[in-house]
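Work through the exercises below with the sequence and the coordinates open. Each task is followed by a solution in steps.

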Amino acid sequence: RTKVEHQSENSSAKGKNSASSVLISMWLTCPSSDPTSESVKAMTDRAPGVSQYGSVDPAPPQPDGTFLEWQTTLMNEDAPMFQRMRTVFSFRNHGTDDACLALCAAFVTSSALLRHEVAYVLGQMQNPVALPTLVERLADPDEHIMVRHEAAEAMGAIGDRSVKHVLETHMKDPNPEVSESCEVALDLLNWCDSPQWEQTTW
């Protein structure tokens, strides 16, 4: 190599080292980078809260908005999934028959993730008005397997014994995610009728 090339490489290396030193110095002197600073501690200590249903949800409910606005966001395929999830939990906390039916209407959306979450929330709400829709989702062989699984478990969580024959039918489903979920839901309903129910601390 020529002397000029060697000097050029040295200059380049020095430049990189100098730039790195400047960046490190800036990071060390920046208050927000100090992991012991109060502001950083306050933010890193934050975690999702526990809902009124005793669950830690993937998204918090909307702090405000109307029923119609929630519906619009929930059904909007172009809306961010996080915002759609927030409306799911807003409807859950609303707790009425109309809120339950608004969630049932969301099973036509294209997102299997959202449909799965809706089925889970309907189980939390324990409103029998959702049962016809949940039975339909469980019975649909074209529905995503995890939505069918969650629909079965939601049917058990609602606690209505009228769906036991439906669950028994789908215990023969070739998909273990479905058949085992139906078995769990049936066992839950049978357990509710046993003396063990009174001995359980919730």
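A residue is called buried under 20% relative accessible area, exposed over 50%, and partly exposed in between, with a 1.4 Å probe and protein chains only. Helices (H or I, at least four residues) and strands (E, at least two) are DSSP runs, numbered from the N terminus. The model is predicted, so local features need pLDDT of at least 70 and side-chain atom pairs count only at pLDDT 80 or more, while totals for chains, interfaces and linings use all residues. Residues are numbered from 1 along each chain as its sequence is written, and side-chain values use heavy atoms, with hydrogens and water left out.

**Exercise 1. The chain as a whole**

Task: State how many helices and strands the chain has, and what share of its residues is buried.

Solution. Step 1: the chain has 10 helices and 0 strands, in the order α-α-α-α-α-α-α-α-α-α along the sequence. Step 2: of its 202 residues, 35% are buried. Step 3: take a contact as heavy atoms within 4.5 Å. Among contacts with a separation of 6 or more, 61% join residues 24 or more positions apart.

**Exercise 2. Helix α6**

Task: Check the span of α6 against its number of residues, then decide how far the rest of the structure encloses this helix.

Solution. Step 1: the expected span of a helix is 1.5 Å times one less than its number of residues. For the 14 residues of α6 this gives 20 Å, and the end C-alpha atoms are 20 Å apart, which agrees. Step 2: α6 is largely enclosed by the rest of the structure, because 10 of its 14 residues are buried. Step 3: the buried residues are L114, R115, E117, V118, A119, V121, L122, G123, Q124 and M125. Step 4: their cover includes α3, α4, α5, α7 (131–139) and α8.

**Exercise 3. Helix α4 and R92**

Task: Find which residues of α4 are buried, and list what R92 touches beyond four places in sequence.

Solution. Step 1: helix α4 (residues 81–94) has 14 residues and should span 20 Å, in agreement with the 20 Å between its end C-alpha atoms. Step 2: R84, M85, R86, T87, V88, F89, S90, F91 and R92 are the buried residues of α4. They are covered by elements including α3 (67–75), α5 (97–104) and α6. Step 3: R92 lies in α4 and has a relative accessible area of 0%, so R92 is buried. Step 4: leaving out residues up to four places away in sequence, R92 touches S51, Y53, S55, D57, L103, V121, Q124 and M125. Step 5: just after α4, G95 has a positive phi of about 75°.

**Exercise 4. The largest pocket**

Task: Describe the lining of the largest pocket by element and by class.

Solution. On a 1 Å grid over the protein atoms alone, a cavity is a set of points where a 1.4 Å probe fits but cannot get out, and a pocket is an open set with protein on both sides within 12 Å along at least five of seven lines; lining residues have an atom within 4 Å of a point. Grid points are joined across faces, edges and corners, and a volume is the space filled by probe spheres set on the points. Step 2: the largest pocket holds about 460 Å³ of space. Of its 20 lining residues, G123, Q124, Q126, A157 and L188 are closest to the centre. Step 3: α6 (112–125), α8 (145–158) and α10 (176–192) each give two or more residues to the lining, and α8 gives the most, with 6. Step 4: the lining has 11 nonpolar, 6 polar and 3 charged residues. Here Ala, Val, Leu, Ile, Met, Phe, Trp, Tyr, Cys and Pro count as nonpolar, Asp, Glu, Lys and Arg as charged, and the others, Gly among them, as polar.

**Exercise 5. Q126**

Task: Place Q126 in the chain and give its phi.

Solution. Step 1: Q126 sits in the loop between α6 and α7. Step 2: a relative accessible area of 48% makes Q126 partly exposed. Step 3: phi of Q126 is near 55°, a positive value in a residue other than glycine. Most residues other than glycine have a negative phi.
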